[in-house]
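Please keep the sequence and the model in view while reading.

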Amino acid sequence: MPKVELHVHLEGAIRPATLMHLAAKNRVNLPPKTLEEFDKWYEFVDFPHFAQVFQASSRCIQSAEDIHRITVDFLDGQAEQNIIHTEATYTAFTHYKTAGIPFDEQIGAIRDAANAAYSRHGITFGVIVDIARGMVSDAEAMQTAQWVADAHGDGLVIALGLGGYEKPHPAENYVTPFEFVRDAGVPAVVHAGETGGPQSIRAAVEQLNAIRVGHGVTALEDPSVVSLLKERGIVLEVCPTSNLCIGVADRIENHALPHLIEAGLKITIGTDDPPIFNTTLVDEYQKIADAFGYGRDHLIEFNRVAVEAALVSESRRAELQATLGD
Ligand SMILES: [Zn+2]
């Protein structure tokens, strides 16, 4: 089945074999040494371990060439799964700060990989450059906003994102950079309602003008937030296995997904950080099909929603729609 994925992190999608290669090449000392140990270390244990793995993975990226390599690998993996369009979150500021790679070089490397994937597989790619909550100063957050405003419209950089840990870092702290990009006509795609409650979703929508919400699974705790999402036609990017790993739900059968759909919300399915959560988009569809008895029509609907919400040209949207409609 052709698929569209709107919620996955480029740095959270590095395959263990690629990470091992980058660690060796860049002499980054990581706890695992063999591919077997990498596979095991990469597996989700708890949130602090996840943060350690994510940051260590980011540290292994030390040049534009490395960014090119992870993007080529990632897009090959998407093509293998018949994912015809992907929008990934990417934390450019980390690589600027830790490895000194200029933003334009980072985006140039991703663009080369995206162009090659289009030529080889006919798949398209967009990047949501995000601010990581709690990881940057106000000035650094504004730097990201400025990069995104300047690059937007280049066919690759499609939105400003907000990722990271919600609870101690509310959306209200990031109003200035999001207002800045809004004035430049750039959409906002915000993680909210994962570790934070429905008020975090409301803030993402009302204060940051989010057009899509990453996760949003706690929306049902407040009917007024459900109404707000429906009024504005906001799509929730739901990542079931990620939610299970982080502890948002204890088992797939207890996940909010069917209730979000019953409430009339628009939902699409993503993987978040697939190798770390030991999943793929195909696995996500298999899991929800098994847990909730979803058939092919149901699964296609998640992709139709994704196509509607994708930040693509209208001509590309029509192509994607036509491909799903087969
Ligand atoms: Zn995410």
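Strand β7 (residues 235–238) and strand β8 run parallel and are joined by 4 bridges. Within this pairing, valine 238 stands opposite isoleucine 269 of β8. The model under discussion is predicted.

**The sheet**

- The open sheet has 8 strands in the order β1-β2-β3-β4-β5-β6-β7-β8, and their pairing is parallel.
- Its edge strands are β1 (3–5) and β8 (266–269), each of which pairs on one side only.
- From one strand to the next, the twist averages 25 degrees.
- In general, the strands of a sheet pair through backbone hydrogen bonds, in either a parallel or an antiparallel manner.

**Backbone angles**

- Most residues other than glycine have a negative phi.
- Asparagine 82, although not a glycine, has a positive phi of about 60 degrees.
- Histidine 215, likewise a residue other than glycine, has a positive phi near 80 degrees.

**Setting of asparagine 82**

- Asparagine 82 lies in the loop between α4 (64–80) and β2 (83–90).
- Asparagine 82 counts as partly exposed because it has 14 C-beta neighbours inside 10 Å, a count between the limits of 12 or fewer for exposed and 20 or more for buried residues.

**Setting of histidine 215**

- Histidine 215 belongs to strand β6 (residues 210–215).
- Histidine 215 has 28 C-beta neighbours inside 10 Å and therefore counts as buried, since the cut-off for burial is 20 or more.

Terms used: Residues numbered from 1 in each chain as written. Predicted model: local features only at pLDDT ≥ 70, side-chain atom pairs only at ≥ 80, totals over all residues. Helix = DSSP H or I, 4+ residues; strand = E, 2+ residues; numbered from the N terminus. Pairing = 2+ DSSP bridges. Axes fitted to C-alpha atoms, helices over the stretch in contact; angles between N-to-C directions.
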